[in-house]
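Thanks for coming. I will walk through one structure, a few residues at a time.

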Amino acid sequence: MAPQDGERSIIEDATQFFAEQGLDGHTRDLAKRLGVTQSLIYRYFPTKDALIEAVYRVGMEETWNPAWEAWIADRSQPLEARILRFYRDYARVIMNFRWVRLFAFSGLKGLDYHLRFMRKIRAGVLDAILAEMRFDYGLPSLEELPATEFEHETVMALQASVFYICARRWLYNLPVPKDIDAVLTARVVGFADTAPPKIAAHLASLQSVTMAGD
């Protein structure tokens with residue numbers, strides 16, 4: 001087996017192993033599962049931390065779709081359709097045993113892999129959704145008026161509701177809807193209908209407070 005193939009094979013099996021066992025799983029147990037010696041694993045990855053870094057790089061960071069931000073910004077389509085397109089593809093990426101559990105284990109262990117991904121989501125997608133909602137509703141741009149905590153929480157509520165479906169299945173072993181696409185569609189439609197007027201009212205209240213203060 002070529003070195004790069006051996007490395008990729010170990011990462012693949014380690015991803016499943018750590019998703020099942022958690023990040024405290026021992027490399028000796030991983031080696032038994034692979035049918036290789038522990039020293040072979042360390043030939044490719046000098047430390048367990050280096051192996052875990054590779055697992056997250058392949059299992060989480062490489063799942064990022066660079067087209068997501070462009071989809072949100074494509075004003076040839078209604079914003080609701082753009083948001084739904086993103087969440088359908090996002091769900092395709094994250095709705096699996098490995099992704100969800102690795103994301104959770106990163107937080108439980110105090111690591112930053114989940115934070116890296118969420119920083120990209122916020123900067124590349126959620127802020128883009130806010131910018132497009134403001135544009136559609138004739139509100140000040142984010143350059144003119146930076147996004148508020150209320151706005152971030154509003155769009156994060158939609159984000160969290162999608163992830164919670166995954167958590168119910170692969171963290172809590174609870175039932176989930178069979179028709180995920182119908183659920184995503186309903187949530188995005190509800191968000192697109194209610195979030196812009198709420199944000200408009202919120203920004204108007206901030207402006208009225210500012211004017212009263214002046």
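Q159 is buried, because its relative accessible area is 3%, under the 20% cut-off. Keep in mind that this is a predicted model. The residue sits in helix α9. What does the side chain of Q159 make polar contacts with? One partner is the side chain of Y87, at 2.8 Å. Another is the side chain of Y90, and that distance is also given as 2.8 Å. Setting aside residues up to four places away in sequence, Q159 touches F86, Y87, Y90, M118, I121 and L126.

Both tyrosines, Y87 and Y90, are among the buried residues of helix α6. That helix runs over residues 79-94, which makes 16 residues. From its first C-alpha to its last, α6 reaches 22 Å, close to the 22 Å expected at 1.5 Å a residue. Which residues of α6 are buried? They are L79, R82, I83, L84, F86, Y87, D89, Y90, A91, V93 and I94.

For W99, leaving aside neighbours within four places in sequence, the contacts are G59, M60, T63, Y90, V93, I94, F117 and F163. Three of those names, Y90, V93 and I94, can be found in the buried list of α6.

Next, a charged residue. R101 is found in helix α7, residues 97-108. R101 is buried, yet it has no salt bridge. How far away is the nearest side chain of opposite charge? It belongs to E20, and it is 8.1 Å away. What the side chain of R101 does reach is the backbone oxygen of A19, at 2.5 Å. Apart from neighbours within four places in sequence, R101 is in contact with A19, E20, W170 and L171.

Now the charged pairs that do meet. The count of salt bridges comes to 13. One of them joins the side chains of R8 and E62, at 3.5 Å from N to O. R8 lies in helix α1, residues 3-21, and E62 in the loop between α4 (48-59) and α5 (68-73), so the pair ties together parts that are 54 residues apart in sequence. R8 is partly exposed, with a relative accessible area of 44%, and E62 is partly exposed too, with 43%.

E62 also forms a salt bridge with R57, where the closest N and O atoms are 3.1 Å apart. R57 is partly exposed, at a relative accessible area of 30%.

Another pair is E12 and R98, whose closest N and O atoms are 2.9 Å apart in a salt bridge. This pair links distant parts of the chain, with E12 in helix α1 and R98 in helix α7, 86 residues apart. E12 counts as partly exposed at 42% relative accessibility, and R98 counts as partly exposed at 22%. Elsewhere, E53, E61, D112 and R116 are linked in a network of salt bridges.

Two loop residues remain. Start with N173, in the loop between α9 and α10, the latter being residues 180-213. Is N173 buried or exposed? N173 is exposed, because its relative accessible area is 66%, over the 50% cut-off. Its phi is near 55 degrees, a positive value in a residue other than glycine. As background, most residues other than glycine have a negative phi.

The other is L142, in the loop between α8 (113-136) and α9 (149-170). Which residues does L142 touch, not counting those up to four places away in sequence? The contacts are D127, A131, R134 and A147. As for G190, it is 48 residues from L142 along the chain, and their C-alpha atoms are separated by 23 Å.

Key. Residues numbered from 1 in each chain as written. Predicted model: local features only at pLDDT ≥ 70, side-chain atom pairs only at ≥ 80, totals over all residues. Heavy atoms only, no water. Helix = DSSP H or I, 4+ residues; strand = E, 2+ residues; numbered from the N terminus. Expected span 1.5 Å × (residues − 1). Buried < 20%, exposed > 50% of the residue type's maximum accessible area, 1.4 Å probe, protein only. Contact = heavy atoms within 4.5 Å. Lys, Arg positive; Asp, Glu negative; His and termini not counted. Salt bridge = Lys/Arg side-chain N within 4 Å of Asp/Glu carboxyl O. Polar contact = N/O pair within 3.5 Å; in protein donor to acceptor, adjacent residues only side chain to side chain.
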